[in-house]
Amino acid sequence: MLAHINETIVLDEFLQDENVFDAMKSLIVSSFTSSSNCTCEDCYDEQQEDKASLLAAKTEIVAEIDTYKDNIMYVKENYPHIYEKEEAFLNEVLNPAKIRILENKLNSESMRFFRKHPRLMKRIVKGEEDDLDFASEVEYNPGTTYVRQEPKTGRNDPCPCGSGKKYKRCCG
C-alpha cells in the first residue's frame with residue numbers, strides 16, 4: 001500500500017515537471033494506465049484510446065529522437081522508477097543502430113492498429129482536423145503500383161554520382 005502511494009506521489013511530481021516533454025509524459029501515463037483487464041465495451045474503447053495514445057507518443061519520440069535524447073536522459077536520472085516502466089523502449093530509442101528499425105516497426109504497428117479500429121482513427125483525425133492539411137497528404141491506396149521516374153541503374157552501369165566506378169562498387 002505504501003509503495004503504491006509513493007509511486008503515485010512520484011508520478012504526480014513527474015507530471016508536474018516542466019522539464020519533461022508532453023510525449024514522454026503521455027508515454028509514461030499510458031504505461032501506468034494500460035493494465036485494465038475489463039472486457040466491457042466502454043473499458044475496451046478506453047483501452048484502445050490508451051493504446052493509440054501510446055503509439056502516438058512512441059512515434060513522436062522516435063521521429064524526433066534528436067530532440068528527445070536529452071529529455072530521456074533527464075527522466076532516467078531524475079525518475080529512475082518511472083523510467084523502468086518503458087526502459088526497454090527508451091533504451092532501444094537511444095541506440096542509433098536500432099532507430100530506423102524501430103521507426104518502421106512503429107509505423108507498421110500503427111497502420112495495423114488503425115485498420116482494426118477505423119472509428120477511433122476518424123475520431124482522432126476529426127479532433128485534429130485543424131492541424132492537418134489533407135490536400136498535401138498522399139492517400140494510401142494498396143491497388144496502385146509505384147512507377148519510377150527514371151530507369152533503374154544496373155549493377156555494372158557507371159555510377160550516377162559521377163565517380164567513374166561501377167554502381168555496385170560505389171553507391172550500390
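Visitor: How many residues apart are R100 and E103 in helix 7?

Guide: Happy to start there, and please keep in mind that this is a predicted model. R100 and E103 both belong to helix 7. Their spacing is about one turn of the helix, that is, 3 residues.

Visitor: How far apart are the closest N and O atoms of R100 and E103?

Guide: A salt bridge needs a side-chain nitrogen of Lys or Arg within 4 Å of a carboxyl oxygen of Asp or Glu. R100 and E103 form one, and a search of the whole structure finds 1 salt bridge. The closest N and O atoms are separated by 2.4 Å.

Visitor: Is E103 exposed or partly exposed?

Guide: Exposed means over 50% relative accessible area, buried under 20%, and partly exposed in between. R100, at 53%, is therefore exposed. E103 has a relative accessible area of 23%, so E103 is partly exposed.

Visitor: Which helix gives the largest share of the positive patch?

Guide: The positive surface patch is made up of K51, R112, R115 and K116. K116 lies in helix 7 and is exposed, with a relative accessible area of 62%. The largest share, 3 residues, comes from residues 99-116, which is helix 7.

Visitor: And the overall fold: how many helices and strands are in the protein chain?

Guide: Along the sequence, the pattern reads α-α-α-α-α-α-α-α. Of the 172 residues, 24% count as buried. The count for the protein chain is 8 helices and 0 strands.

Notes: Residues numbered from 1 in each chain as written. Predicted model: local features only at pLDDT ≥ 70, side-chain atom pairs only at ≥ 80, totals over all residues. Heavy atoms only, no water. Patch = residues over 30% accessible without salt bridge, like charges linked within 9 Å, V, L, I, M, F, W, Y side chains within 5 Å. Areas by Shrake-Rupley, 256 points an atom, 1.4 Å probe, with all protein chains shown as cover. Lys, Arg positive; Asp, Glu negative; His and termini not counted. Charge placed at Lys NZ, Arg CZ, Asp CG, Glu CD. Helix = DSSP H or I, 4+ residues; strand = E, 2+ residues; numbered from the N terminus. Buried < 20%, exposed > 50% of the residue type's maximum accessible area, 1.4 Å probe, protein only.
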